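Here is my note on the model, as requested. Please read it with the structure open.

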Amino acid sequence: MHKMDPIGEPAQNGVYKKSPLICSLLDPNAWFKPERLHPQVESLIYWRDVKKSGIVFGAGLITLLAISCCSVISVFAYLSLTILSGTIAFRIYKSVMQAIQKTSDGHPFKEYLDYDLTLSQDKVQHIAGVAVAHVNGFVAEMRRLFLVEDLVDSIKFGVILCVMTYIGAWFNGMTLVIMAFVSLFTLPKVYENNKQSIDTYLDLARSKVADVTEKIKAAIPLGTKKPIAAESDKDK
């Protein structure tokens with residue numbers, strides 16, 4: 001069997017394949033590992049091209065803030081009208097300039113009109129396969145936690161749910177989306193610039209959590225699985 005990474009891509013010789021663009025955005029763990037990101041996502045969130053990243057970040061943040069204040073339909077309508085007004089004005093301007101200068105440059109948006117936007121069947125099947133892998137993994141993990149396969153893991157899950165109740169009381173869903181969007185464009189770059197010091201503190205925190213978990217498992221017999229004893233001759 002192939003070794004699978006967290007986003008469902010097979011790894012060969014320890015090197016992860018680039019994940020689909022959408023899956024790169026939905027996997028926070030991959031944000032901090034550029035080699036696992038889609039090249040376009042990696043370029044944006046790590047600010048390789050400051051101008052392009054700034055435009056995407058600014059436009060996305062303004063759109064999310066507008067959605068938090070107005071309905072999605074209103075934001076979509078106003079945004080579409082703004083874009084349509086700009087393209088019509090630019091098309092008229094270019095047509096007038098071509099008529100004055102007596103040139104035949106053609107349609108100003110010909111490059112974008114000729115761009116192929118169709119999705120190939122292989123790409124759709126690939127994205128669907130990755131999505132199914134995510135869903136199956138999520139369902140299996142939820143079953144394991146809710147049915148208490150491991151008591152300690154289920155208790156930790158319960159603590160996380162309790163924390164989420166407080167987060168839900170403090171913030172609404174749209175605020176959390178905005179915070180996640182801002183984090184997407186800030187935390188990976190901060191981590192890249194301060195990787196050594198951050199990794200030191202993370203390793204220390206992981207070791208402390210692992211020690212506490214082991215102590216809890218040792219104190220609670222239900223937290224560990226007992227090996228199945230070999231069948232005796234009498235039982236046979």
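1. Basis. This is a predicted model, in which local features need pLDDT of at least 70 and side-chain atom pairs count only at pLDDT 80 or more, while totals for chains, interfaces and linings use all residues. Residues are numbered from 1 along each chain as its sequence is written, and side-chain values use heavy atoms, with hydrogens and water left out.

2. Trp47 and Phe185. The whole structure holds nine aromatic pairs (rings of Phe, Tyr and Trp, the last by its six-membered ring, with centres within 6.5 Å; planes under 30 degrees apart are stacked, over 60 edge-to-face, the rest tilted). One of them is Trp47 with Phe185, edge-to-face at 6.2 Å between centres and 80 degrees between planes. Trp47 sits in the loop between helix H3 (39–45) and helix H4 (50–69), and Phe185 lies 138 residues away in helix H9 (residues 173–193). Helices are DSSP runs of H or I with at least four residues, numbered from the N terminus. Trp47 is partly exposed at 24% relative accessible area, whereas Phe185 is buried at 5% (buried is under 20%, exposed over 50%, partly exposed in between, with a 1.4 Å probe and protein chains only).

3. Phe57 and Phe181. These rings are stacked because their planes are at 0 degrees, with centres 5.8 Å apart. The pair joins helix H4 to helix H9 across 124 residues. Phe57 is buried at 18%, and Phe181 is buried at 16%. Trp47, Phe57, Phe181 and Phe185 make up one aromatic cluster.

4. H9 against H10. The axes of H9 and helix H10 (residues 195–219) are 5 Å apart at about 95 degrees (lines fitted to C-alpha atoms over the stretch in contact; angles run from 0 to 180 degrees between N-to-C directions). Val190, Tyr191, Glu192 and Asn193 of H9 meet Lys195, Ile198 and Asp199 of H10, contact being heavy atoms within 4.5 Å.

5. Glu192 and Arg48. Glu192 also forms a salt bridge with Arg48, with the closest N and O atoms 3.0 Å apart (a side-chain nitrogen of Lys or Arg within 4 Å of a carboxyl oxygen of Asp or Glu). Arg48 is in the loop between H3 and H4, 144 residues from Glu192. Glu192 is partly exposed at 30%, as is Arg48 at 41%. A network of salt bridges links Glu42, Arg48, Lys189 and Glu192.

6. Arg144. Arg144 forms salt bridges with Glu141 at 2.8 Å and with Asp153 at 3.0 Å. Asp153 is buried at 19%.

Key
Helix = DSSP H or I, 4+ residues; strand = E, 2+ residues; numbered from the N terminus.
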